[in-house]
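Here is a short briefing on a protein structure. Look at the model first, then read the points below.

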Amino acid sequence: MYFAVAMALVVTMALALARAVIGPTVYDRVLSVNMFGTKTVLLLAVIAFLYGRPDFLDLALAYALINFIGVLAVLEFFRSRARHSEQEQEPEDLAR
Amino acid sequence: MKLALDILSWVLLTAGGAFVLVGGIGALRMPNLYTRMHAASVTDTMGAVLVIAGVMIQAGLSLVTLKLAAILMFLLITSPTASYALANAALLAGIKPSAGSAADLEDAS
């Protein structure tokens with residue numbers, strides 16, 4: 001049973017990676033990476049029970065926090081870059 | 001009693017896996033950024049809650065359940081915040097939300 005859920009999560013992570021590769025804008029890629037991280041947390045929680053090793057839950061807890069901070073940092077970086085480019089009158093090409 | 005709890009947790013886990021899979025397919029197939037964000041939030045809320053609730057029932061009352069509850073709490077606080085920050089950044093960068101039109105659908109395929 002855990003195995004089926006783990007397979008569903010792995011397939012979803014593959015789909016998210018595909019969207020991250022073909023995503024037209026950088027925000028699509030950030031969205032996919034955020035989704036990938038959330039699925040990693042769920043996968044770790046399921047794998048902890050699949051192999052009967054509850055230690056993995058600590059990793060899942062740490063990963064949930066790191067993923068959130070990482071996404072916010074990347075978004076802040078792109079936002080400040082977009083703001084700078086707006087001052088130089090080129091708002092269009094950075095989003096692509 | 002044990003069997004009933006097992007069946008309940010299997011139902012929750014299966015439903016969670018189905019929601020996660022549907023959200024993943026949606027994130028790949030939807031036409032533009034904001035609809036993709038909508039599909040991805042299904043996996044962040046419904047999928048995560050169902051999967052972790054199913055695992056929690058298997059764990060019973062223990063420290064493991066407490067850890068799972070902490071993970072669930074962090075996910076439920078952080079993923080809407082991340083989605084908000086993402087939508088805000090995309091909007092500021094000039095990506096317009098548009099109703100799904102035939103042109104959008106042709107773009108996607």
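**Briefing: two chains in contact**

Start with B:Ile71, which touches A:Val41, A:Ala45, A:Leu57, A:Ala60, A:Leu61, A:Ala64 and B:Ile52, leaving out residues up to four places away in sequence. Two residues touch, or are in contact, if their C-beta atoms, placed from the backbone, lie within 7 Å. This is a predicted model, in which local features need pLDDT of at least 70, side-chain atom pairs count only at pLDDT 80 or more, and totals for chains, interfaces and linings use all residues. Residues are numbered from 1 along each chain as its sequence is written, while chains are lettered from A and ligands numbered from 1 in the order in which they are written.

**Chain A**
- Chain A has three helices and zero strands. Helices (H or I, at least four residues) and strands (E, at least two) are DSSP runs, numbered from the N terminus.
- The order from the N terminus is α-α-α.
- Of the 96 residues in chain A, 38% are buried. Buried means that 20 or more other C-beta atoms lie within 10 Å of the residue's own, with C-beta atoms placed from the backbone.
- Take the contacts in chain A between residues at least 6 apart in sequence: 44% of them join residues at least 24 apart.

**Where the chains meet**
- Contact between the chains involves 42 residues of chain A and 39 residues of chain B.
- On the chain A side, helix H1 (2-22), helix H2 (26-50) and helix H3 (56-87) each give two or more residues.
- H2(A) provides the largest share of that side, 14 residues.
- By class, the chain A side has 33 nonpolar, five polar and four charged residues. Ala, Val, Leu, Ile, Met, Phe, Trp, Tyr, Cys and Pro count as nonpolar, Asp, Glu, Lys and Arg as charged, and the others, Gly among them, as polar.

**The largest nonpolar core**
- This core has 52 residues. A nonpolar core is a set of buried Ala, Val, Leu, Ile, Met, Phe, Trp, Tyr and Cys residues joined through C-beta atoms within 7 Å.
- B:Ile71 is among those with the most contacts inside the core, along with A:Ala45, A:Val46, B:Val51, B:Ile52 and B:Leu86.
- H1, H2 and H3 of chain A and helix H1 (2-29), H2 and H3 of chain B each supply at least two residues of the core.
- H2(A) gives the most, with 13 residues.

Note on methods:
A residue is buried if 20 or more other C-beta atoms lie within 10 Å of its own, exposed if 12 or fewer, and partly exposed in between; C-beta atoms are placed from the backbone.
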